[in-house]
Amino acid sequence: MSVLVPLVLGTLALLDAALAGFRAATGRNALIRKRSYYLAASRRGLAGGAAGLGLLASLIGAALAFSADPGARYAGLVAAGARMLQVLGPFAAIAVLSLLAYWLLPLRGSTFVILIGLGPFTLARPVVVFAAALWSAAASSDWLAWTVALAAAVVVLAVEPLVHRRWYRPGD
């Protein structure tokens, strides 16, 4: 658990960052073949997410280095992360299943999946992310768990607007 929880949370954050880069670029290019365009956008989102996670990891590392009992604090962070996964896990599983259905189904089925699944999920994403942060921090009395949960939510939600402003702002 002590390695698995941060690994799963980091993987979810990086996957979300790549998709945030994709979302930041959609509807901004008139080319018919956009594979390289969307791959570049996803890489930009992934790089932004990785930078944010690096800052978060630096915060955690510094706080643990100056802690009197780093093992107990790390265990508290893992417990908070596991609670965060209780909210994010089902949401991520449904989003991944929707993406798989989008890629595997014929045109009508994939369009239906986009309309029913991914569209509303994109709108609910900020609420789910902050709900996961609140649920994670609610069970802890450690300021570090609260700070990390809030900072993680802000980092995850900041990737798309930052990528959009840096590379895909109208008029650029």
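Visitor: Why is D142 called buried?

Guide: Welcome! This is a predicted model, and every value here is computed from it. The relative accessible area of D142 is 19%. Buried means under 20%, so D142 counts as buried.

Visitor: What makes the meeting of R73 and D142 a salt bridge?

Guide: A side-chain nitrogen of Lys or Arg has to lie within 4 Å of a carboxyl oxygen of Asp or Glu. Between the side chains of R73 and D142, the N to O distance is 2.6 Å. That value is within 4 Å, so the pair is a salt bridge.

Visitor: Which parts of the chain does this pair tie together?

Guide: R73 belongs to helix α3, while D142 sits in the loop between α4 and α5, so the bridge ties together parts that are 69 residues apart in sequence.

Visitor: Is R73 buried or exposed, and how do you know?

Guide: R73 has a relative accessible area of 17%.

Visitor: How many salt bridges does a search of the whole structure find?

Guide: Three. Another joins the side chains of E160 and R23, at 2.9 Å from N to O. E160 is in helix α5 and R23 in helix α1, 137 residues apart, and the pair links distant parts of the chain.

Visitor: What makes D16 buried?

Guide: D16 has a relative accessible area of 17%. The limit is under 20%, so D16 is buried. R125 is buried too. Leaving out residues up to four places away in sequence, D16 touches R23, R125 and V156.

Visitor: Why is E160 called partly exposed?

Guide: Its relative accessible area is 22%. Partly exposed covers the range between the buried limit of 20% and the exposed limit of 50%. With 22%, E160 falls in that range, so it is partly exposed.

Visitor: How many helices and strands make up the chain?

Guide: The count is five helices and zero strands. Along the sequence, this reads α-α-α-α-α. The C-alpha trace spans about 60 × 35 × 25 Å along its principal axes.

Visitor: What makes V129 count as buried?

Guide: V129, which lies in helix α4, has 11% relative accessibility. Because 11% is under 20%, V129 counts as buried. Setting aside neighbours within four places in sequence, V129 is in contact with L88, A153, V156 and L157.

Visitor: Which residues touch the most other members of the largest nonpolar core?

Guide: V129 is one of them, along with V5, L9, M84, L88 and A133; this core has 16 residues. Helices α1 (4–25), α3 (70–104), α4 (107–138) and α5 (143–167) each give two or more residues to this core. The most come from α3, with five residues.

Visitor: What does A133 touch, beyond residues up to four places away in sequence?

Guide: A133 touches M84, A149 and A153. There is also a second, separate core of 10 residues, including A17, A25, V159 and V163.

Visitor: How do you know whether V96 is buried, partly exposed or exposed?

Guide: V96, in helix α3, has a relative accessible area of 37%. That lies between 20% and 50%, so V96 is partly exposed.

Visitor: What percentage of the chain's residues count as buried?

Guide: Of the 172 residues, 37% count as buried. The chain exposes about 10,400 Å², and carbon and sulfur atoms supply 73% of that area.

Note on methods:
Residues are numbered from 1 along each chain as its sequence is written. This is a predicted model: local features need pLDDT of at least 70, side-chain atom pairs count only at pLDDT 80 or more; totals for chains, interfaces and linings use all residues. Side-chain values use heavy atoms; hydrogens and water are left out. A nonpolar core is a set of buried Ala, Val, Leu, Ile, Met, Phe, Trp, Tyr and Cys residues joined through side-chain atoms within 4.5 Å. Buried means under 20% relative accessible area, exposed over 50%, partly exposed in between (1.4 Å probe, protein chains only). Helices (H or I, at least four residues) and strands (E, at least two) are DSSP runs, numbered from the N terminus. Contact means heavy atoms within 4.5 Å. Accessible areas come from the Shrake-Rupley method with a 1.4 Å probe; for residues, only the protein chains shown count as cover.
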